[in-house]
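Welcome to this short tour! Open your viewer, get ready to select residues by number, and let us walk through the model together.

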Amino acid sequence: MKAIWYDKNGDSSVLQYGDLPTPNPGVGEVLVRLATSGVNPSDWKSRRGSRGMPFPRVTPHSDGAGTIEAVGEGVDRARIGQRVWIWNGQWKRPFGTAAEYIALPAIQAVPLPAITSFEAGACLGIPALTALHALLTDGGVAGQSVLVTGGAGAVGHYAVQFARLLGASRILTTISSEAKAAHALNAGADLAINYRSEDVAERVLAATGGQGVDRMVDLDVGGHAKLLPQLLAPGGLCAAYGSNTPEAGFVFGPSIVRGIAVRFFIVYELNAAQRATAIGALDTWLRAGLVQHAIAARVPLAECRAAHDAVEAGRYMGNLVLDC
Ligand SMILES: NC(=O)c1ccc[n+]([C@@H]2O[C@H](COP(=O)([O-])OP(=O)(O)OC[C@H]3O[C@@H](n4cnc5c(N)ncnc54)[C@H](OP(=O)(O)O)[C@@H]3O)[C@@H](O)[C@H]2O)c1
């Protein structure tokens, strides 16, 4: 099969395109013929060495979608021919979705509703589940005010929509341009704040009657740590899934007086119950046609290097998907 791989960490030039053996589904596994593979920031960070080389050869990417072509022992043969989307394709496993085929545990291939395209299916494992868990964790957001930082990003765009679907009372977001503001407002945000040209804390306080928001869905906890006592209402929670810096400096006094909390998480490590809850909610909304997907570009598998460079440079607004 055609596939992408790397045998050492480095810039995108370490990505090779060529032939690798087509895998066979083992016990409890399915073999998926991939239509699409989603590229996420985590993929270039891993390639650059954030996880070292956990295996001698790695085919990148955890997200993807396609059709089950064969099943291993113990898996219902009725699944052959089923359209599926994939989670954790390359988490603690060497061979991810940047290939024509992947063999992986049957539970990691989730039925893809008929009305959901394969390109959308390649955005669910990381962007959609991250957004959803950030909102569902610690009691959810029904009736609450929510601040989604980076509401035009891959995760942020889903988070704005899901906050609305989960009954948030008010959704604020931060963006860096008019086009990104329009993208986030179109997804359901009530107010878009330009974090490069405006005082975010001031605008959030003004928009919430001086209270701050009940929940933050945050992609830059390092940048926002000091501001949390202003941004969050008393007892508010920051669901921190990203950081632009390796460390975050919190201000202890104001944080304890305010009683705020930070929930760090990584989507790869959701437990079975958390993942099932998020997938259940997502599946219902997908079947009802309630989710917008922002596919910024589709690129042939062979052009994976350019795709990694584009995601690393933040060149696109939305998700970048490879055609497998
Ligand atoms: N913990 C997890 O499980 C998990 C899961 C998914 C992603 N992540 C991490 O979360 C981050 C975002 O991922 P993504 O796929 O959504 O990336 P993305 O599509 O590149 O979106 C990031 C967006 O955030 C904006 N941004 C960057 N810094 C910002 C800040 N301080 N305030 C407001 N907006 C900011 C960027 O645009 P401008 O530069 O124009 O503002 C861009 O629109 C990455 O670091 C990724 O590694 C973590």
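We will visit the domains, then the ligand, then a pair of helices.

Residues are numbered from 1 along each chain as its sequence is written. This is a predicted model: local features need pLDDT of at least 70, side-chain atom pairs count only at pLDDT 80 or more, and totals for chains, interfaces and linings use all residues.

**Stop 1: the domains.** Colour domain 1 (2–123 + 293–323) and domain 2 (127–268); such bounds come from an automatic or database domain assignment. Their centres, taken over C-alpha atoms, are 29 Å apart. Domain 1 gives 8 residues to the contact and domain 2 gives 10, where contact means C-beta atoms, placed from the backbone, within 7 Å.

**Stop 2: the ligand.** Select G150, G153, A154, G242 and V267, which come nearest of the 26 residues around the ligand. A residue counts as near if its C-beta atom, placed from the backbone, lies within 6 Å. Each of domain 1 and domain 2 supplies at least three residues of this shell. Now show α1 (41–48), α3 (124–136) and α4, each with at least two residues in the shell. Helices here are DSSP runs (H or I, at least four residues), numbered from the N terminus.

**Stop 3: two helices.** Select α4 (residues 154–165) and α5 (residues 178–187): how do they pack? Their angle is about 30° and their axes are 8 Å apart, with axes fitted to C-alpha atoms over the stretch in contact and angles running from 0 to 180 degrees between N-to-C directions. The two helices, α4 and α5, are therefore roughly parallel (angles under 35 degrees). Finally, show H157, V160 and Q161 in α4, which meet H183, A184 and A187 in α5.

Key
Angles under 35 degrees count as roughly parallel, over 145 as roughly antiparallel, 65 to 115 as roughly perpendicular and the rest as oblique. Two residues are in contact if their C-beta atoms, placed from the backbone, lie within 7 Å.
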